[in-house]
Amino acid sequence: MHEFTLIRAETDEAAVSALTAHPDARLIAGGTNLVDLMKEGVETPTHLIDINGLGDLDRIEARADGSIMIGALSSNSSVAWNADIQSRFPMISDAILAGATTQLRNMATMGGNLLQKNRCFYYPDHNARCNKREPGSGCDAMDGVNRMCAVLGTSDQCIAAHPSDVCVALRALDAIVHVKGVEGHRAIEFADFHKLPGGTPHVEFDLAHNELITGIEVPGLPFAANSTYLKLRDRTSYAFALVSIAAALKLDGDTVDDVRLAVGSVGTVPWRSAGAEDAMRGAPATAATFSKAAEIFFEGAKPRAGNGFKIELAKRAIVRVMETLKEQAA
Amino acid sequence: MTKQIIKMTVNGEVQEVIAEPRELLIYVLREKLGMTGPHVGCETSHCGACTVDIDGKSVKSCTMFAAQAQGAEITTIEGLGSPDALHVLQESFKEHHGLQCGYCTPGMITRAHRLLEENPDPTEEDVRIGMAGNICRCTGYQNIVKSILSAAAEMNASKEAAQ
C-alpha cells in the first residue's frame, strides 16, 4: 500500500481543519470500505484523519418527540441492536442486520455507510473504464457485466447501483444528515444527500471535502413501528442486494392511510417514488393496489442487457412486503 | 513515512511495537508479535480468517491499520487456549471434526468464542448467522456448527455445576 500520514483528530473542529489543510486527505472511522479501496489503489489519500476519538459522535439519542439522533460514529451493530431503533424504526435494524457480517457491522459506522462506494465490478478494476474512478474515461458496465447495476436514475455516464441497505431505510424515513464544516453546521435532506450520476458520476454526495458528518436524524413517524426491510440476494447471507424493499404501512380499516416505500439496488441512489406512494394513500389495501404502485414505481426504468430481471423481482417484492405489513398492522 | 509506537494489550500482555501508519493489524500481530494464529486469507475482509477480538468485539484485523488499535485490548486464538490446555471450543472442534485443512479454524474459534460470550445458549440458526463472516473453503460448516453448539452445551453445563 502507498505511504500516508496518519492524523488523530480529537475534536470536530480539528478534523475539519485537517481536511481543509490537506486536499487529498480522507477521514477514517471503521475503514471497512476505505481500507479495501486503498489496498486496490483506488483511494490514495496523502493523509488519513482518524476520527474515532471524537467522543460524542457515537451516541444514539431517542427523543421525546419520537425522533432519534444517531451519532455518525455509532457502529452499525450498536444501531441495529438499539432497543429504541428496534421499536420505533424496525426497518433500520432489519436493513443493517441484512448487510455484511458481525465483524464488519462492529467496525462500520453510520456516517461511513452514507459514504460507501458503489460495488460495480468495473469501479476498482484499473484495467476497465469507469467514469466514477476516472472521469471521462468511459463506462465498461454499459455493455459489460451489468447484472448488479441500476435501472433507475442512470445516465449515459454511469449505471452503478447504490449498494447500501440502511440508506434505503433512511431514504424511506426522510432522514436528515447533519454535517459540520468551516462555516458551521448544515442539515441536508436525505433525498438530496446522494447525487444522481448525470454528467458527473464522480460527484456522489452533497458534501464538501472539508465537511464532517456528525449525525443522522430520523424524524418521528409513529406508524414506522410497522415497518420492515426485505433483501433479496443470490445467497442468504453476506451478499449485496439484487433488490431490497424498505416500507412502512398505516391502515385505516381496509384502506391505506399512510405509507413509505423505498427500493434499494435498483437506483443509482436509494430510490423513492412519490407517485407510487400517492397511488396507495386512500386506496384499498389490496394486492391490486400494491401491484399498481409497483408499476408506477418502475415507470421510466431503463434496463441494460443483464439487469432487466430486477424490475419484475422488485415489483413482486414490493407486493410481498406490503402484504406482510398489512397482516402485521391488522 | 513516520513510524509510530503502538501500545496495545495482546492476550493480557502489554506490547509496544513500532509500525508505519499503513501497516495492517494482521501483519503487526503475525510478523512483529509472533501471533501467527490469525491468518491472512483473502485480505479483503471477506473470509474472516484474520478475526481477532478487540475490546470485546469480533473484528477483521486485515481491514484495520495497526495504528488504529492504539490502546486496544486484543485477544487472538493464542489467548484462548494452548496445546497443553485446549479451550472447550478447541476440544469440541477436535472432537466433532470441525476442521479439515484448518486454515479458517483460528478465526472460526475466535469468532465462536465471542459469539458464545454474546449469546451463551444459541440456536443452530443463531450460530449460522453469527458465523456468517467466517468462510470455510473445505465447506465443513455442518461440523463447525455442531462443534460450536456442543461447546456451548458443555460450557453451560459446567457453569451450572459450578453454581
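Predicted model: local features only at pLDDT ≥ 70, side-chain atom pairs only at ≥ 80, totals over all residues.
Cys47(B) counts as buried, because its relative accessibility is 15%. A disulfide, I recall, is a covalent bond between two cysteine sulfur atoms. The cut-off applied is 2.5 Å between the sulfur atoms.

Cys42(B) counts as partly exposed, because its relative accessibility is 28%, whereas Cys47(B) is buried. Over all chains, the search of the whole structure returns 0 disulfides.

Let me turn to a second residue of chain B, His113(B). Which helix holds His113(B)? The residue lies in helix α3 of chain B, which spans residues 105-118. Is His113(B) buried or exposed? Its relative accessible area is 14%, so His113(B) is buried. Beyond its neighbours within four places in sequence, His113(B) is in contact with Leu80(B), His87(B) and Leu89(B). As for Ile129(B), this residue is 16 positions from His113(B) in sequence, and the C-alpha atoms of the two are 14 Å apart in space.

I now step back to chain B as a whole. The chain contains 5 helices and 5 strands. Starting at the N terminus, the order of its elements is β-β-α-β-β-β-α-α-α-α. Chain B is as compact as a globular protein of its length, because its radius of gyration of 16 Å is close to the 15 Å given by the globule rule for 163 residues. Along the principal axes, the C-alpha atoms of chain B occupy a box of roughly 50 × 35 × 25 Å.

Next, burial and contacts in chain B. Of its 163 residues, 51% count as buried. Of the contacts between residues at least 6 apart in sequence, 54% join residues at least 24 apart. The accessible surface of chain B is about 7,700 Å², and carbon and sulfur atoms supply 49% of that area. Regarding charge, chain B carries 14 positive and 21 negative side chains, with the centres of the two sets 6 Å apart.

How many helices and strands does chain A have? There are 12 helices and 12 strands. A compact globule of 330 residues would have a radius of gyration near 20 Å, and chain A has 20 Å, so the value agrees. The C-alpha atoms of chain A fill a box of roughly 60 × 50 × 35 Å along the principal axes.

In chain A, 56% of the 330 residues count as buried. Contacts with a separation of 6 or more in chain A come, in 64% of cases, from residues 24 or more positions apart. The accessible surface of chain A is about 13,200 Å², with 49% of it belonging to carbon and sulfur atoms. Chain A has 32 positive and 41 negative charges, and their mean positions are 5 Å apart.

The buried residues of α5(A) are Pro90(A), Met91(A), Ile92(A), Ser93(A), Ala95(A) and Ile96(A).

Conventions. Residues numbered from 1 in each chain as written. Chains lettered and ligands numbered in written order. Heavy atoms only, no water. Helix = DSSP H or I, 4+ residues; strand = E, 2+ residues; numbered from the N terminus. Rg over C-alpha atoms; globule rule 2.2 N^0.38 Å. Buried < 20%, exposed > 50% of the residue type's maximum accessible area, 1.4 Å probe, protein only. Contact = heavy atoms within 4.5 Å. Areas by Shrake-Rupley, 256 points an atom, 1.4 Å probe, with all protein chains shown as cover. Lys, Arg positive; Asp, Glu negative; His and termini not counted. Charge placed at Lys NZ, Arg CZ, Asp CG, Glu CD.
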